[in-house]
Every structure is written in structure tokens, then in C-alpha cells.
Amino acid sequence: MELFFNPFDNLLCILLGISFTVWFTLLLVFIIVPAIFGVSFGIRRLYMKTLLKVFEWATLRIERGAKEKNHHFSCIYLDSAPEFEMSDIFYFARRGVESIMDDEVTKRFSAEELESWNLLTRSNYNFHYISLRLTVLWGLGLLIRYGFLLPLRVTLAFTGVGLLVFLTSVIGLLPNGRMKNFLSEKVHLMCYRICVRALTAIITYHDSENKPKNGGLCVANHTSPIDVIILASDGCYAMVGQIHGGLMGVIQKSMVKACPHIWFERSEVKDRHLVAKRLSDHVEDKSKLPILIFPEGTCINNTSVMMFKKGSFEIGATVYPVAIKYDPRFGDAFWNSSKFGMVNYLLRMMSSWAIVCSVWYLPPMSREEGEDAVQFANRVKAAIARQGGLVDLLWDGGLKRAKVKDTFKEEQQKLYSKMLTGGVKRLNVDKN
Amino acid sequence: MGSSSSRLDRVPGAKDLMEETGFSETNILCLYDRFEVLDREERGYLRLEDFEAIQQLAVNPIGDRIIGAFVFPGRETLDFPSFVRVLAHFRPTDTTWSRSGSQPEPANSRTRKLRFAFSLYDQDGDGKISRAELTEMLQAMLGMQVTDEQLQSIVGRAIQEADLDRDGAISFDEFKKSVEKVDIDHKMSTRFLR
């Protein structure tokens with residue numbers, strides 16, 4: 001009996017060995033090496049275009065299916081009969097009430113919501129069974145995402161993080177100087193790029209001439225924990241945050257060996273003066289990297305939120321605003337921290353199709369004469385909002401709130417009317 | 001759960017609110033946290049300005065009408081129980097409640113949800129949606145995106161379809177009839193806070 005198994009075992013081992021080697025070689029050549037050098041084969045963009053075509057097809061199928069079965073969909077934009085109905089108000093009423101309950105969550109339900117179904121059941125709120133073909137496609141998508149993409153991404157993530165910890169620790173052994181800074185920069189960029197590929201994030205950077213410089217403060221709007229990785233893969237920043245335990249803590253400790261980041265102990269976080277002092281000390285030293293700050297705070301640590309709101313704008317550094325906007329068609333990058341933990345969130349991110357976003361580097365701003373910290377902060381936020389979309393104006397002292405409000409209200413009105421005037425035109429034709 | 005019941009003690013009248021509205025303990029706690037966030041000046045009640053500061057609501061075309069359902073002349077300050085009671089309209093419908101039962105009709109029943117929507121249309125509260133009110137509503141939802149003629153033709157058609165007794169206005173029953181095929185529970189319930 002044993003004789004029968006042995007050659008088979010050998011064959012199996014050989015096959016496994018070969019496939020692993022092939023797998024890792026492909027990984028290395030197509031993903032890791034470009035990450036190291038910062039070049040791109042354009043594979044991800046091709047992938048993105050293919051996905052869009054598939055989503056379009058899926059949407060058409062659903063619309064056709066809707067007409068056949070005469071369903072009412074929750075999504076107002078897929079309504080097969082584009083005429084005003086008394087129930088249209090429900091959509092706006094519900095969104096209004098939802099935003100009263102929690103506008104953090106509603107941020108993601110933007111106007112582009114669900115115009116197409118991106119084959120993730122997470123974003124499928126009311127699409128019932130439409131056709132066999134569609135279900136097969138969804139099943140295939142599931143298989144690809146969980147069977148192929150997820151393991152690939154997890155491997156990359158571990159590689160990226162592992163390399164970061166290892167290499168920064170090594171660099172930490174070098175004496176301070178130009179060589180150390182240079183190497184640390186390269187290492188950080190490389191590891192973040194690997195992480196970006198681990199999430200299949202397709203990022204478009206605009207206006208790179210405005211990239212933050214040393215001694216400045218980089219302020220960005222915050223929609224998900226991935227924001228950090230997205231920004232840090234295009235430039236080197238000093239991070240600010242509270243020291244965590246566990247894996248996060250290990251990463252933080254090793255990062256700070258290679259270049260100065262600002263990590264606070266739990267107890268120090270509450271001391272606003274200490275925080276402000278450390279930030280301004282860092283900013284004054286022109287050889288140190290620009291600080292990356294999210295004034296709305298991180299999703300992880302909500303106690304930071306209050307603290308940074310005024311503090312970072314008081315220290316008098318040049319502010320480089322950055323606007324980050326995610327494309328909701330591919331996957332929802334929002335993290336509902338009360339519902340899902342970090343690991344859960346990361347797994348969801350890694351099992352969605354891709355994360356597509358745009359980053360705009362806005363021209364630098366400084367505090368003007370007679371402007372206090374809050375007004376300055378509002379000015380920065382308004383600039384980011386205009387470029388990237390909705391930003392938490394709850395913190396806004398009222399500066400130009402009216403202007404921003406009308407533009408966005410108009411957007412919603414436009415979308416709704418586009419749907420209706422199609423029906424109205426038909427009406428006029430019927431009359432004649 | 002010892003820790004959460006002590007958290008519930010922070011919320012005045014929580015147990016009664018839970019019974020009255022059907023919200024769970026977690027919901028009430030979430031809503032109370034939210035109430036505290038909205039009440040920036042820590043007055044203990046909410047006012048018009050606090051609602052106007054909700055940015056997502058400000059860009060909603062019918063945002064001010066929705067605020068009007070919470071805060072209106074006669075009720076300019078909103079305490080936590082009133083806040084919760086209005087929000088209770090948007091809880092998903094309970095399948096266990098039956099019309100013939102002895103319990104009072106809950107806030108999130110289909111009829112009560114429809115009444116809430118009706119009140120958004122019927123600004124003067126006379127129990128009928130007049131042509132003018134419907135025009136105003138459509139104006140809010142469409143803004144400058146349609147011409148006056150288009151607006152009038154949409155309004156005309158809507159009234160024609162819904163006004164069954166031909167009195168030129170839409171009563172609550174006519175409104176109910178016009179939306180009878182709509183899945184109210186889905187469209188008028190919040191998608192989180194279950």
C-alpha cells in the first residue's frame with residue numbers, strides 16, 4: 001500500500017513546489033520589484049477598466065430584470081419608470097433622518113450611491129435574484145476575490161509590514177546623517193508601495209508640485225484608515241499618534257528608529273500643551289519631515305479628534321492641504337468603527353475588488369494677520385471640501401457654510417432632476 | 001451586563017423610552033451619544049441651530065422640512081425623549097405588532113411612517129396636500145434644474161394621478177393609496193441602528 005502512495009506524494013510535492021516558486025516569482029517581478037523602484041506596469045489600471053465594463057453590464061442586466069418583473073428598487077436611480085411619484089420624498093427623508101442619527105455613516109452614502117451594482121453583496125441593498133447569469137458572475141467574482149485576490153493581498157501585506165519593521169530597525173542602527181535619512185526615505189516609500197499593492201489601490205495624484213515640504217504640516221481629510229498608506233506611498237511624512245500595543249506598537253517603535261515620528265504615550269495624549277510643544281518643535285527643525293495630520297482624527301483613536309482640531313493650527317507652520325476622494329464604485333472604504341474591528345475592516349478591504357481614489361495636493365496656506373486658529377482651520381477645511389468633497393463642517397465656525405451648502409445641494413437636485421426630466425420629455429411628446 | 005446597565009443610567013428615562021419606542025438598549029445609548037454630540041453647548045436640549053449645523057442635512061434638498069419635524073414654533077427646544085420619539089418613526093417595522101392588539105400603535109408602523117412623510121408635504125397642516133404645497137416640495141427637490149413649465153406639468157400629472165375625489169388636493173388617504181405598492185418599511189427605515 002505504501003508503495004502506491006510514495007510516488008504520488010512525490011509528484012504532489014513537486015507540483016506544490018513548482019507552483020509556489022512560480023507564484024513567488026510572479027509576485028516578485030510584477031509587484032514587489034516595481035514597488036521598490038516606484039514604477040508601474042499599468043496592470044492595475046487595466047484591471048480597473050475591465051471591472052468597470054463588467055459592472056456596467058451587471059447594471060444593465062438588473063435594469064432589464066427590473067422592467068420585466070416590475071420591481072420597485074430602493075435605489076431611486078434604477079427606477080424603471082422615471083416619473084415623479086409621491087414616494088420619491090422617502091429617499092430624501094430617510095437620508096435626512098439618517099444624517100441626524102449619524103452623519104459619519106451617511107458620509108459614504110453619497111449621491112453616486114449604487115448607480116451600478118459592483119458585484120459585492122455588501123453594497124447590494126435591495127437587489128433580488130435577477131438572472132442566472134448575474135448570479136453566476138457574482139459567484140465567480142466571489143471565487144476570484146476570496147480565492148485568488150485575498151491570499152495574494154494578505155501575502156503582500158505581510159511582506160510589506162515585515163519589511164518595514166525589519167528594515168527600519170536595521171537603519172536605526174546607522175548613525176544620524178544624510179545617508180540615514182536617504183535610506184529611511186527609500187525604505188518607507190518602498191514598504192508603503194507594497195502595502196498599496198496589497199490593497200490593490202489605484203491612486204491618481206494631482207498637482208504634485210504642491211507636495212508638502214519639510215517643516216510644514218500636511219492636513220488631509222479623513223475617510224478611512226487607509227488614508228495614511230495612500231499618502232505615505234507618494235511622499236515621506238512624520239506621523240503623529242498614540243502608541244498602541246500589539247503589532248501596531250511594534251511597527252510604530254521600529255518606524256521611529258529610522259526617522260523621527262511623533263508618538264505619544266496614553267497619558268500624554270490628554271496634555272494639550274505637551275502635544276502642541278512637540279509638534280512645534282518638530283516643525284521648527286527644517287530637516288525633519290512634514291507632519292501628517294488628519295484634523296478630524298483617526299478612526300482608531302477618537303480621543304485625538306478634539307485635541308488636534310485647534311492645536312495643529314495654532315503652531316504657526318505652513319499648512320499643505322490635501323484632499324482625498326474615494327471612488328465608491330469599486331468598494332466601500334468606510335470603516336464603521338463601532339461595528340467592525342480593524343482586522344475585520346482590513347479583510348473586507350482586501351476582499352473587495354479594488355480601492356480607487358484621487359489625491360489632490362492643494363497650494364500651501366498660512367495663517368493670516370488677525371486670523372485666529374479656528375478661522376484658519378475653517379479656511380483650510382473649506383479648501384479641501386471644495387476640491388475633494390464633503391468634509392465635516394460640524395466643526396466649522398460658520399465660515400462660508402452657506403456657499404458650500406448650495407453647491408452640494410445643487411448636485412443632489414441635478415441628479416434627481418436628470419432622472420425626472422427624461423420622463424417629462426416623454427410627457428410632452430405624448431401630449432402632442 | 002453590568003457595565004452597560006450603568007451606562008444606561010446616564011440616560012434619563014431610558015427604560016420608559018425603550019418600551020415606548022421599541023429601541024434597544026444599544027440604540028438608546030447610541031442616540032444619547034449622538035444627542036450629546038449635537039448639543040455642542042451642553043444645554044441639555046437641542047435647538048434649530050444644532051440641527052442646522054449637521055452638514056449632511058444642510059445639503060439635503062428637503063433638509064429644512066425635516067428639521068421642521070423636530071423643531072417648530074411651539075417646540076423650539078428639543079429634549080432627549082422628544083428627539084428619540086421622532087426618530088422612532090424610522091425604526092424598521094416590527095413584524096410582531098398586530099393592528100387588533102391592545103398595544104397602542106407604535107411610532108414605526110406603516111401608517112405612522114406615512115403620516116410623517118405626509119407632514120413633510122403638508123406644511124400648513126390642514127390635512128391636505130394642495131397644489132401649491134406640492135409645487136413647493138418639487139421646487140425644493142429640483143431647484144433650478146427644471147423650467148417652470150416642466151415643474152407645472154410634473155405637479156399637474158402627480159395631482160391627476162393621486163387626487164381620486166377630484167377636489168384639487170391630496171388627502172392622507174389618497175396619499176396612502178398612491179404609495180400602497182411601495183415597500184415603506186424599506187424606504188422609510190434607517191439602514192443602520194437596527
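Where is the place of Glu42(B) in chain B? Glu42(B) sits in the loop between helix 3 (25–38) and helix 4 of chain B, helices and strands being DSSP runs numbered from the N terminus (H or I of at least four residues for helices, E of at least two for strands).

The structure is a predicted model, in which local features need pLDDT of at least 70 and side-chain atom pairs count only at pLDDT 80 or more, while totals for chains, interfaces and linings use all residues. Residues are numbered from 1 along each chain as its sequence is written, chains are lettered from A and ligands numbered from 1 in the order in which they are written, and side-chain values use heavy atoms, with hydrogens and water left out.

**Chain B and its loops**

Chain B has twelve helices and two strands, and along the sequence these follow the pattern α-α-α-α-α-α-α-α-β-α-α-β-α-α. Of the 194 residues in chain B, 51% are buried, where buried means under 20% relative accessible area, exposed over 50% and partly exposed in between (1.4 Å probe, protein chains only). Among the contacts in chain B with a separation of 6 or more, 50% come from residues 24 or more positions apart; contact here means heavy atoms within 4.5 Å.

Most residues other than glycine have a negative phi. Glu42(B), however, has a positive phi near 55 degrees, and this residue is exposed, with a relative accessible area of 70%. Arg166(B), likewise not a glycine, has a positive phi of about 55 degrees; its place is the loop between helix 10 and strand 2 (170–171) of chain B, and at 58% relative accessibility it counts as exposed.

Asp50(B), in helix 4 (residues 48–52) of chain B, is buried at 6% relative accessibility. With neighbours within four places in sequence left aside, Asp50(B) is in contact with Leu38(B), Arg40(B), Arg43(B) and Tyr45(B).

**Helix packing**

Two packed helices are described by the angle between their axes and the distance between the axes. The axes are lines fitted to C-alpha atoms, for helices over the stretch in contact, and the angles run from 0 to 180 degrees between N-to-C directions.

| Helix pair | Axis distance | Crossing angle |
|---|---|---|
| helix 9 (residues 131–142) and helix 10 (residues 148–162) of chain B | within 10 Å | roughly 130 degrees |
| helix 2 (residues 14–21) and helix 7 of chain B | within 10 Å | roughly 20 degrees |

The contact joins Leu17(B), Glu20(B) and Thr21(B) of helix 2 to Phe80(B), Pro81(B), Val84(B) and Arg85(B) of helix 7 of chain B. By class, the residues of this contact are four nonpolar, one polar and two charged, with Ala, Val, Leu, Ile, Met, Phe, Trp, Tyr, Cys and Pro counted as nonpolar, Asp, Glu, Lys and Arg as charged, and the others, Gly among them, as polar.

In the other pair, Arg131(B), Leu134(B), Thr135(B), Leu138(B), Gln139(B) and Leu142(B) of helix 9 meet Leu151(B), Gln152(B), Ile154(B), Val155(B), Gly156(B), Ala158(B) and Ile159(B) of helix 10 of chain B. The contact of helix 9 with helix 10 of chain B has eight nonpolar, four polar and one charged residues.

Helix 6 (residues 63–70) of chain B is largely enclosed by the rest of the structure, because six of its eight residues are buried. These are Gly63(B), Arg65(B), Ile66(B), Ile67(B), Ala69(B) and Phe70(B). Their cover includes helix 3 (88–101) of chain A as well as helix 4, helix 5 (55–58), helix 7, helix 8 (110–121) and helix 9 of chain B.

**Aromatic pairs**

Rings of Phe, Tyr and Trp (its six-membered ring) pair if their centres lie within 6.5 Å, with planes under 30 degrees apart counted as stacked, over 60 as edge-to-face and the rest as tilted. By this rule there are 14 aromatic pairs over all chains. Tyr205(A) and Tyr361(A) form a stacked pair, 6.2 Å centre to centre with 15 degrees between the planes. Tyr205(A) lies in strand 1 (residues 201–206) and Tyr361(A) in strand 7 (residues 355–361) of chain A, so the pair ties together parts that are 156 residues apart in sequence. Tyr205(A) is partly exposed at 25% relative accessibility, whereas Tyr361(A) is buried, with a relative accessible area of 0%.

Phe80(B) and Phe83(B) form a tilted pair, 6.4 Å centre to centre with 40 degrees between the planes.
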